[in-house]
Amino acid sequence: MSASGEVSVGDVARALAALRPDDAVADDVARLLGHGLRPARVGQTGQGEGPVVRREPTLPEVSRRPVARSIGDSVSDGPRRPDVDAAARTLPWRRYLRPAGRLVPVTDGGGSDDAPGLPAETSSRGRGGDPEPLLRPSTTPRLIEAMVATDAGDGELDLDVLVTALAARRRLEVLPRRPHPSLLHGVQLLVDVAEAMAPYGRDAEQVAAAVRTTVGTAMVRRLSFSGTPLRGAGTGSAWTWTTYVPPPPGTPVLAVTELGMAPVPGRLVGPLQQSWLDLAELLSRRGSPLVVLTPFPPQRWPPALVRALHLVHWDRSSTVARVGRAVFRPARLRDVP
Amino acid sequence: MTLDEDGWHSLLPELTDAEPDSARAGRVTPDQRDGAVYVIDDELRLAVDVALAARRPLLLRGDPGSGKSSLAAFLARNLGWRYYEHVVTARTRPRDLLWTFDAVRKLADASARDSTGAGLRDHDYVDPGVLWWAFDPESACRRGLPQDQGDPTVPAREPDAELNAARDRTRAVVLIDEVDKADPDLPNGLLVPLGSSEFRVEETGTLVRRRLRTTTDPRGSLLIVITTNEERELPPAFLRRCVIRKLEAPRWGRMVEIGRRHLEVAGLPCGPQEEELLTSLAKKVESLQDPAPRPAARAPGAATPQRGPSTAEFLDAVYACRALGVPVDGEVWERLQRLVLLKDAGGDSSA
């Protein structure tokens, strides 16, 4: 095990020593432990529309310390004890050692789907023509968690409140607990497909995909709308939309929209933004927090909407801590029935 | 340790099904966790071997019913190791796998006793989780109470104590089922206790350590099997610490083998009639697993299932057809398959 606790080349060596596989199986063993298998070929960089890129083991060449000793420590005694020194000498593990941080493209198609140890964005980045996502891929799941988490109601006991109440001989109707942000309520995802959002269509799909993988497919109910959900929303084409139906009480709502801030000739912004205030009030009465992910910066956010909604700037400058502070407020949680 | 003709030296003993037992016929279900039967392929066996050799958790991916959850019990029975499982829900928190503390009961006991709560011991309100039982069953039984402080008021009850009674007290297989159901902090919260083989119970200060932290046995002393239906993505840091294997839906030939072995272990006859039934059913299930449009048997207007029938549903069909004497054709079969394979909404074409 490496110092970081992640699978390292040491794990590969240990597995190879214990299992003593032939060459073909040795590749499978290394693959199961998330290590690149093929020697890097000159000219392959893993960029663009090419092979999936895997991270090569990060153990530097200098770490070729005596192997047999450490391997021998992990094998059994007794009459069937294998010749570990000989096993180590013949092990194919040296080929898994590469200079630290070097990337080895894997071109055998067995790649991304079964690749342990790689964040999803690693295998999808760099595809030709894809724009950079508006949210930082490395923090997107945590950002989404921060946006849609609600209190599970089963947090740690709030000892401060408890002790204070008991000391004052006050009767407690409810055991006080600290908030426990959780995704167990799922989320209703509202995606604005109006023309004003056309430049962000692909980004919205990226967000929708990230919400599904973070919250869980079965826990996400997605609806499309144009401008405001209160003019109709639905899962299919616009002509199939019906009156907006709020989610079950307590379920958070995440809307992806420009809130009328995009310059659209002839559009009446006032009624549109009033509609969002109405939606916020409707959801608030049901204990469903409304979080709006918008591509426009805070300087342009209408003050009335800032007061009524949880607004998050759909931009790489948004951090988990900032979103968490803006969205997950205990005051909001007490609204949940 | 066996020399394997497939190209590696397996750390596993010869994997066998349980002895046929007709008593099992009455209660056998595809979801049972007694580890009586499992048809394991070479790739999965290698993944288990690698997880044992590298002392890493084995993360099994795949659709529901693909055999992820039943592997752990089968391995535990064959290895002779204790077996514990925790089925994760949306409310499961990382600490639940280590211990839980019943603060409400303590408060009630304190209120009932006197205003100070004197005489209450925090240990009595600690309930060990599966990892505690796996690490140190004796300490878990005593709820972490040191020997010199007497016995707990009520010793903790070991999960599956009867099953584990005759098994190795120092080694265990732990199944953490459907880890994707919980918030992402659950897998991350397991990294430290699994990596360090120890944790401390906050309320009592008890340090729980794995009894067999070092061993010359190349298999180690603990196998963690984690399953995910992939309803949500798992944290990369967690994935980097696991051996990962995806279980695919078996083709019809392997399904027949699975069905045959289940019947045998249940002490049920498996003659030519049963073979024919298994083959017909397996081919039917395989055709339903293909992405091609479903047969017209589906009720008009019924929602299209999101996936084809699983191995577990195949076994349901086997038992149903066998018990009811239904051949794999005809009107009754069409109705039966809607019930156990297609899972139509309502399940009744006349509706």
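Residues are numbered from 1 along each chain as its sequence is written, and chains are lettered from A in the order in which they are written. Because this is a predicted model, local features need pLDDT of at least 70 and side-chain atom pairs count only at pLDDT 80 or more, while totals for chains, interfaces and linings use all residues.

Student: How many helices and strands are there in chain A, and what share of its residues is buried?
Tutor: Helices (H or I, at least four residues) and strands (E, at least two) are DSSP runs numbered from the N terminus, and chain A has 12 helices and 10 strands. A residue is buried if 20 or more other C-beta atoms lie within 10 Å of its own, exposed if 12 or fewer, and partly exposed in between, with C-beta atoms placed from the backbone. By that rule the buried share of the 337 residues in chain A is 36%.

Student: Is Leu223(A) buried or partly exposed, and why?
Tutor: Leu223(A) lies in strand S6 of chain A, and its contacts, meaning residues whose C-beta atoms lie within 7 Å, include Gln188(A), Leu190(A) and Thr235(A). Because Leu223(A) has 19 C-beta neighbours inside 10 Å, it counts as partly exposed.

Student: What is the order of strands in the open sheet of 6 strands in chain A, and which are its edge strands?
Tutor: Two strands pair if DSSP finds at least two bridges between them, and in this sheet the pairing is mixed, with the order S7-S6-S5-S8-S9-S10. Each edge strand pairs on one side only, and the edge strands are S7 (233-234) and S10 (310-313) of chain A.

Student: Which residues of S9(A) are buried on each side?
Tutor: In a regular strand the side chains alternate between the two faces of the sheet. S9(A) is mostly covered, as 5 of its 5 residues are buried. One side holds Leu290(A), Val292(A) and Thr294(A), and the other holds Val291(A) and Leu293(A).

Student: What span should helix H8 of chain A have, and why?
Tutor: The expected span of a helix is 1.5 Å times one less than its number of residues. Helix H8 covers residues 201-215 of chain A and has 15 residues, so its expected span agrees with the distance between its end C-alpha atoms, which is 21 Å.

Student: Which elements of chain A do the buried residues of H8(A) pack against?
Tutor: The buried residues of H8(A) include Ala204(A), Val207(A) and Val211(A). They pack against helix H6 (140-148) and strands S5 (187-192), S6 (220-225), S8 (253-256) and S9 (290-294) of chain A.

Student: How many residues does the contact take from chain A and from chain B?
Tutor: On the side of chain A that touches chain B, helices H1 (9-19), H2 (23-32), H6 and H8 of chain A each supply at least two residues. The contact takes 44 residues from chain A and 36 residues from chain B.

Student: Which residues does Val50(B) touch, not counting residues up to four places away in sequence?
Tutor: A nonpolar core is a set of buried Ala, Val, Leu, Ile, Met, Phe, Trp, Tyr and Cys residues joined through C-beta atoms within 7 Å. Val50(B) is among the residues that touch the most other members of the largest core, which has 83 residues. Its contacts are Ala15(A), Val29(A), Leu32(A), Leu33(A) and Val243(B).

Student: At what angle to S11(B) does helix H2 of chain B run?
Tutor: Axes are lines fitted to C-alpha atoms, for helices over the stretch in contact, and angles run from 0 to 180 degrees between N-to-C directions. Helix H2 (residues 42-54) of chain B lies across S3, S10 and S11 of chain B, and its angle to S11(B) is about 170 degrees.

Definitions and conventions: Two residues are in contact if their C-beta atoms, placed from the backbone, lie within 7 Å.
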